[in-house]
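Please take a moment to look at the sequence and the model together before reading on. The paragraphs below lead you from one residue to the next.

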Amino acid sequence: MNNKDFILELSQRTGYTQDDTQKLVSSVIDAMASSFEENNPVMIPNFGTFEVKKRLERIMVNPSTQQRMLVPPKLVLSFRPVTSIKEILKNKN
């Protein structure tokens, strides 16, 4: 589902116009981004938790040249779904 389809579906479910729905989604994403910048997790009830985690620096080996390289530490966004969503996805297969 791309952004246009998502906004259309959400606007139909909520009864708002597509423009208002796009503004609302943008506001939510901006608020989440602000929280991530402050290193605070975002917990959405009955859905899951988004949080910023730090990956430590590590040594990587290029498989073709066997050259070792140091990969610097970086911040990554992770998502941990609630158990009910995990079970739904697990039972789909």
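**A walk through the model**

F47 is partly exposed, since its relative accessible area is 36%, a value that falls between the cut-off of under 20% for buried residues and that of over 50% for exposed ones. This residue is found in the loop between β1 and β2. Keep in mind throughout that you are looking at a predicted model, and that the values quoted here are computed from it.

What does F47 form together with I44 and F79? These residues make up a nonpolar patch on the surface, and the accessible area of I44, F47 and F79 together is about 240 Å².

How many aromatic pairs does a search of the whole structure find? The search finds 3. One of the pairs is formed by F47 and F50, whose rings are 6.3 Å apart from centre to centre, with an angle of 35° between the planes, and this pair is tilted. F50 counts as buried, because its relative accessibility is 18%, and that value is under the cut-off of 20%. F47 pairs with F79 as well: the centres of these two rings are 5.1 Å apart and their planes stand at 40°, so this pair, too, is described as tilted. Because F47 lies in the loop between β1 (42-44) and β2, whereas F79 belongs to strand β5 (residues 74-81), the pair ties together parts that are 32 residues apart in sequence. Taken together, F47, F50 and F79 are linked by ring pairs into a cluster.

With which side chain does the side chain of E51 make a polar contact? The partner is the side chain of R80, at 2.9 Å. If we leave aside the neighbours of E51 within four places in sequence, the residues in contact with E51 are F36, P41, V76, L77, S78 and R80.

Next, turn to helix α1 (residues 3-14), in which I7 lies. Is I7 buried or exposed? I7 counts as buried, because its relative accessibility is 4%. When residues up to four places away in sequence are not counted, I7 touches Q18, T21, Q22 and V25. The C-alpha atoms of I7 and D19 are separated by 8.7 Å, and these two residues are 12 residues apart along the chain.

N39, which is found in the loop between α2 (18-37) and β1, has a positive phi of about 65°, although N39 is not a glycine. N39 is exposed, because its relative accessible area is 53%. Q66 is found in the loop between β3 (58-61) and β4 (68-71), and Q66 has a positive phi of about 60°, although this residue is not a glycine. Q66 is exposed, because its relative accessible area is 55%.

How values were computed:
Residues are numbered from 1 along each chain as its sequence is written. This is a predicted model: local features need pLDDT of at least 70, side-chain atom pairs count only at pLDDT 80 or more; totals for chains, interfaces and linings use all residues. Side-chain values use heavy atoms; hydrogens and water are left out. Helices (H or I, at least four residues) and strands (E, at least two) are DSSP runs, numbered from the N terminus. Buried means under 20% relative accessible area, exposed over 50%, partly exposed in between (1.4 Å probe, protein chains only). Contact means heavy atoms within 4.5 Å. A polar contact is a pair of N or O atoms within 3.5 Å; within protein, one must be able to donate a hydrogen and the other to accept it, and residues adjacent in sequence count only if both atoms are side-chain atoms. Rings of Phe, Tyr and Trp (its six-membered ring) pair if their centres lie within 6.5 Å; planes under 30 degrees apart count as stacked, over 60 as edge-to-face and the rest as tilted. Patches are made of residues with over 30% relative accessible area and no salt bridge: like charges are joined within 9 Å, nonpolar side chains (Val, Leu, Ile, Met, Phe, Trp, Tyr) within 5 Å. Accessible areas come from the Shrake-Rupley method with a 1.4 Å probe; for residues, only the protein chains shown count as cover. A salt bridge is a side-chain nitrogen of Lys or Arg within 4 Å of a carboxyl oxygen of Asp or Glu.
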